[in-house]
Amino acid sequence: MPAVTYRYQALKESLAAAITTSSHRGGDPGLPHALAVVSGLSTNGYLASLLVTRYARLGDPDAARAVFDAAAAPSSSSSPSSAAPPPPKPLLYNAMLRAYLALGLPRQAAQLFRGMPSGCPRDRHTFHLAATACARAPDPELGRRVEADAAVAGLASDLLVATALVGMHAEAGDMGAARRVFDGVPRPDAVAWNAVIGGYARAGSLGEAVEMFGRMRPADGARPTEATLVSLVSGCAGSGTWRDGGMMHGVVVKSGFHCSLFVSNALLEMYSELGSLGEAVTVFRHMEVKDSVTWSSMIGGLVRNGKPGHAVKLFHWMVLNSEVLVTRSILLNVIMACAELGNWREGKWIEESFVLCSGGAFQRDPSVLTALIYMYTKCGQLDLSESLLHGSAEVKSDVVAWNSLIKGCGELGQVEKAFEFAVQMQRMGIDPDVVTFLEILPMISLIPSLKKGMAANAQIIRRGFQNEWTIANSLVSMYGRCGSLSLSVGAFTGIMDKDAISWTSMMQVYAWNGLAAEVVKLFELMEGTEAQPNHYTFVAVLTACKNMGLVEEGMGLLRCMKEQYGLEPHVEHISCVVDMLCRAGRLTDAYHLIQNSYSEHAKNPILWGALLSGSRSWGNLVIGEAAARHLLSLDPENRANYKMLADIYVSLGRRDNADDVLRVLMSSELDLRPGYSWTEGG
């Protein structure tokens with residue numbers, strides 16, 4: 001080896017070692033970088049890629065890009081005998097792409113890939129990084145180009161590239177494209193399976209996610225991982241039912257991941273989201289190891305499921321008995337618990353102990369400060385709210401904080417005060433956003449004030465928000481609540497692409513105006529569009545059918561909920577049809593509907609109470625006694641049920657039986673207690 005070449009190679013290896021060593025030790029790469037520049041090696045692709053990686057780890061994208069630009073720029077002196085300098089190798093571009101992604105700058109990564117010279121080869125890592133950037137940016141147009149270029153290079157079915165492409169399509173919601181890419185991979189590994197399963201789960205296609213999970217287990221070398229189960233459980237939390245939740249928990253246990261902290265946290269969150277608080281508490285109690293996510297999920301789950309007092313007690317227990325540090329998420333949940341309780345003193349103690357304490361990490365945290373502003377407002381402490389808002393530089397010009405103040409006023413019932421804050425915010429030069437109007441419009445509905453509604457609509461048009469779906473839908477409801485059917489219809493007609501909420505909102509307005517026939521007609525029109533009805537849509541149209549006495553149509557709608565749209569009927573839907581059947585005197589059909597068709601609701605006292613009430617109206621003793629047996633077993637302390645059964649006996653001239661029922665009522669002292677009927681919601 002020539003001496004010059006040997007010295008060059010030795011210097012390069014020495015510099016590479018220096019850069020790597022500084023990386024491991026957390027030192028400054030400035031010295032080896034300077035030596036590389038002095039020795040003329042700063043344009044060496046290998047050394048430059050090491051420097052780019054090192055600067056990225058230090059969180060300095062500008063320095064990393066400066067190294068990249070110096071190495072990637074054409075050099076006229078690098079090879080005098082050649083007509084043109086050789087193109088940069090993919091190693092350098094891959095290092096810069098990886099650096100941008102590691103620094104949370106996917107748009108810059110996508111832009112870098114877009115600007116790659118045609119002469120620069122792209123390898124499997126390049127396409128993998130580019131597809132990842134397109135998923136995070138997101139940039140679907142560039143994503144299609146990445147996929148096409150990968151196919152031309154023969155790398156579209158490469159495991160690394162294909163997995164990134166699956167993730168990219170899944171993030172864009174195009175599971176058809178994601179599945180097409182996945183099916184083209186000869187031997188997908190666990191990461192590839194997780195990408196497609198997670199994509200289906202996030203898209204709300206729980207059935208497809210479970211199906212793919214079932215296919216994964218026998219696949220060679222692709223066993224379920226923690227990430228697989230977390231994806232499935234999280235998908236169930238977003239789009240499943242309580243029955244799906246139980247099934248998913250069974251899958252977790254059978255797969256052997258029930259002791260995993262991450263999977264257990266996902267189960268805890270799933271049960272909380274599904275309203276299965278008892279199951280969530282059981283999971284929480286059985287977890288041997290709990291981290292901050294565990295505590296945050298449990299505290300937040302208690303708040304969301306109407307147990308804010310228990311949430312505060314659990315927070316105190318955590319602080320006194322565990323080594324888990326209070327995080328932002330935990331703070332936000334416990335502050336919300338204080339808001340729900342109306343306990344501003346507890347919230348004040350939390351602020352002083354964990355936010356304002358010396359060295360506290362949350363003194364300048366906008367999300368925590370905003371939560372405190374909302375809490376104080378909802379608790380009626382407007383002075384504390386305003387003091388915190390105007391005294392904190394982090395939030396006083398933040399529209400999110402002002403929105404929380406406005407929202408709190410609305411929930412407190414101080415609508416005029418909410419309007420005052422909305423005006424004050426604009427006078428301070430803070431423009432309202434979509435959320436501001438979404439808070440204001442329902443308040444106008446409560447007053448109701450058509451004049452204020454029209455003024456708000458003018459502001460919405462002025463600021464260009466009239467085409468926002470959420471705003472347009474809220475306008476439909478607001479005008480309906482304010483008594484202007486024509487303006488409500490006008491707002492509805494002006495929505496170009498109506499979603500399920502648009503149609504449902506208009507149906508509700510027609511129902512408020514007693515126009516049940518219009519509700520049914522509107523539903524028929526909706527069926528001819530791409531909008532898919534939701535549970536609220538069916539409540540509206542079933543109520544209209546009940547009011548019009550359209551029994552067969554109502555029964556058909558209940559069937560098509562599940563069969564045509566895949567929606568499990570809730571108690572509200574079944575109760576509506578039961579009431580409809582009872583009004584028509586079809587008590588036997590109502591009985592069988594409760595008992596057989598939807599067995600998960602067969603233990604709901606609301607349904608049996610409706611049937612017992614119908615039996616009293618028609619004097620049907622057989623169905624009445626059957627309904628009473630179920631009802632008195634499910635709700636034995638409700639005196640109204642005993643009295644309805646006694647009324648049936650009286651109407652049929654069976655006074656002795658009525659006296660027997662009333663005697664049971666008196667002997668159990670239920671008649672001395674403050675009672676309630678099933679119609680009062682108990």
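## About the model

This is a predicted model, in which local features need pLDDT of at least 70 and side-chain atom pairs count only at pLDDT 80 or more, while totals for chains, interfaces and linings use all residues. Residues are numbered from 1 along each chain as its sequence is written, and side-chain values use heavy atoms, with hydrogens and water left out.

## The chain as a whole

Let's start with the overall picture. The chain has 38 helices and zero strands, taken as DSSP runs (helices H or I, at least four residues; strands E, at least two) numbered from the N terminus. Of its 682 residues, 46% are buried (under 20% relative accessible area; exposed is over 50%, partly exposed in between; 1.4 Å probe, protein chains only).

Contacts are heavy atoms within 4.5 Å. Among those between residues at least 6 apart in sequence, 61% join residues at least 24 apart. The accessible surface comes to about 33,300 Å², with 54% of it belonging to carbon and sulfur atoms (Shrake-Rupley method, 1.4 Å probe; for residues, only the protein chains shown count as cover).

## Helix α7

Back to the opening helix. Buried residues in α7 include T126, F127, L129 and C134. Their cover includes α5 (90-102), α6 (106-114), α8 (140-152) and α9 (159-171).

At the start of α7, D123 brings a side-chain oxygen to within 3.1 Å of the backbone nitrogen of H125. A polar contact is a pair of N or O atoms within 3.5 Å; within protein, one must be able to donate a hydrogen and the other to accept it, and residues adjacent in sequence count only if both atoms are side-chain atoms.

## Helix α14

In α14, G245, M248, V251 and V252 are the buried residues. They cover an arc of only 115 degrees around the axis, so they lie on the same side of α14; the arc is that of the directions from the helix axis to the C-beta atoms. On the other side of α14, W242 and K254 are exposed.

The buried residues of α14 pack against α12 (206-216), α13 (226-239) and α15 (261-273). After α14 comes G256, with a positive phi near 80 degrees.

## S404 in helix α23

S404 sits in helix α23 (residues 399-412) and is buried, with a relative accessible area of 9%. Its side chain reaches the backbone oxygen of A401 at 2.5 Å. Leaving aside neighbours within four places in sequence, S404 is in contact with T370, I373 and Y374.
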